[in-house]
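Welcome! Please take a moment to look over the sequence and the model before reading on.

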Amino acid sequence: MTMSAQSVPSGSPLGGSLGGGKLPVRSFPSPAAKRRLTSLFWGLVSVGLFAAIWELLWYVEVANPLLLPPPHMFLQDIPGTLKFFDRSNKVGHMATGGGATALMATAGWTMFRVFTGLALGLVLGTAVGALIHYIKTFRNLALGTVLLLAPISPVAWLPVAIFVFGIGDVPAIFLVFITVFFAIVLSTGAQIASVPKNYLHVARIMGATERQTFWRVILPAILPSLFMTVRLNLLGAWMVVLVAETVGVGSGLGQITNMARATFNAKLVFFNMAIIGALGFLSDWALREFQRKTLWWVAPGEGASR
Amino acid sequence: MNRPISARPSVSIKAVDKIWTPEGRTPVEALRGLEFDVAPGEFVVLLGPSGCGKSTLLYMIAGLEGVSGGSIVCDGLPVTEPSAERGLIFQEASLFPWLTIADNVAFGLSIQGVLPVRRREIAIEMLKRVGLGDMLDKKPDELSGGMRQRAACARALAMKPKVLMMDEPFAALDVQTRSRMQDFLLQIWRDSGASILLVTHSIDEAIALADRVVVFTARPGRVKTIVPIDLPRPRPTRDPRYHEYRDMFTELLAAEVDRAFAEQEAA
């Protein structure tokens, strides 16, 4: 055998960028931590640069501080700003001037609506998608309607949500639900169809019933990419929840936006925007962590099932 | 029959035809009039040019595909549906990435309702047998290609199959791993007592492993000839008879490949 020609083993540490991460060479900080620190560093630099340009525009009097107050202004009087946040989740309630806890409560309600809507969309979307895929009569009856409703912007559903569910949490949750539901319904069928045939062969040879095959082979095989669909729609979910809160809920961060606009409070607008940005970033991180914990067989950043 | 068969054949292929009828296209005849038996505990290699339908035959014996004509009888019973007694191993290990190696091996047992403690015991036993005793709680991604294929063997063996079918199981592995896997497979074969049907297009693999080699013609696949390999194992690669076999198979296959090409060009 021509061993010399293949003297470099395929799992060589030099080529170990994929999967071969657990190698005896241990350094501190670990390569993963180093990568994370580097990206954190550049993230901070990026945000810092953005703030600096803004501050500069204010300094040279291009940006009007009444309309576009730079970060040092809207972050200056946080206790004063927090007076506008309210601890309760009541519609039309006057702000009771609660501090950090009120901010947390307001943000918490918004987050609750986002995540409840996403979870409902994932579960019901998968269920309906699977029914469409497996039951021919249901497919014939439902698919046309799904295709008709899918391209309608969730915002267009807002009046419907309010007509049907009234004012409160439900219309906001419903809008988030709509944002992911149709995308999940449509991708479920495609995902089921692309489950590797050999997985199904193995299940059949082992004597699995159709039900067992669905719950124990097909569902785990398609979940990673469905979850990826949820993650991709997270921004959309944040968008519609704020719109819903502005119009149909009367509490949450969207309501703060609306109030700040109505009272011409630019500082509050930007403070609120900063909070929304941070929460949006955090919720993507949370979904990623959730994926890492529960869908542990998928490499981070990868959504496909092989 | 090429050799006297003492016991009831483990697999009996009787005048089997297979015709594919893809929607809206002309039907393709994949296999025509196949006829041969596999004795209990026999190692049979199916050798032929690609596209000759030898993999299709495995899928039909496994019960995953129906026959278009003739019948397949295993242990006296016609094959109508898949069974864990007829294990099938694919070119890719096809382990479930969401299960640990031990849980993958125990998958069939859990389908059959074997209790978790017992499942674990069997999985450990099987993984030890294939030399993966310390990989129980690893994920499939953490194993090399050869290890994954051994785990797939363990998964099939856990069901105590009477026939083990392998569809080019080592084709995706590098040359060194491949020859190690062949030794490993012979050991598994002796331990388990199962009949093995292995599809390959590698002549060396066929001579290294088989009791008998079934050579297929190009499409439509028919049995061109059946050659018993009368060499002791491990097969002596320096023996002149080894090279006689090699030359014979090379010649047999070359004729079929030429025919397939000529047909493609005519079409």
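This is a predicted model: local features need pLDDT of at least 70, side-chain atom pairs count only at pLDDT 80 or more; totals for chains, interfaces and linings use all residues.

How confident is the predictor in chain B? The mean pLDDT of chain B is 90, and 97% of its residues reach 70 or more. For the complex, the predictor reports an ipTM of 0.89 and a pTM of 0.80.

Now to the overall build. Chain B contains eight helices and 10 strands. Its C-alpha trace spans about 55 × 50 × 40 Å along the principal axes. A compact globule of 267 residues would have a radius of gyration near 18 Å, so the 19 Å of chain B agrees with that picture. Looking inside, you will find that 43% of the 267 residues in chain B are buried. Sequence distance is worth a thought too: of the contacts in chain B between residues at least 6 apart in sequence, 71% join residues at least 24 apart.

Finally, turn to the meeting of the two chains. Here 20 residues of chain B are in contact with 17 residues of chain A. Which elements of chain B supply at least two residues each to this side? They are strand E6 (86-89) and helix H3 (107-111) of chain B, and H3(B) gives the most, with three residues.

Key:
Residues are numbered from 1 along each chain as its sequence is written. Chains are lettered from A and ligands numbered from 1 in the order in which they are written. Helices (H or I, at least four residues) and strands (E, at least two) are DSSP runs, numbered from the N terminus. The radius of gyration is taken over C-alpha atoms; the globule rule is 2.2 Å times the number of residues to the power 0.38. A residue is buried if 20 or more other C-beta atoms lie within 10 Å of its own, exposed if 12 or fewer, and partly exposed in between; C-beta atoms are placed from the backbone. Two residues are in contact if their C-beta atoms, placed from the backbone, lie within 7 Å. pLDDT is the predictor's confidence in each residue, from 0 to 100.
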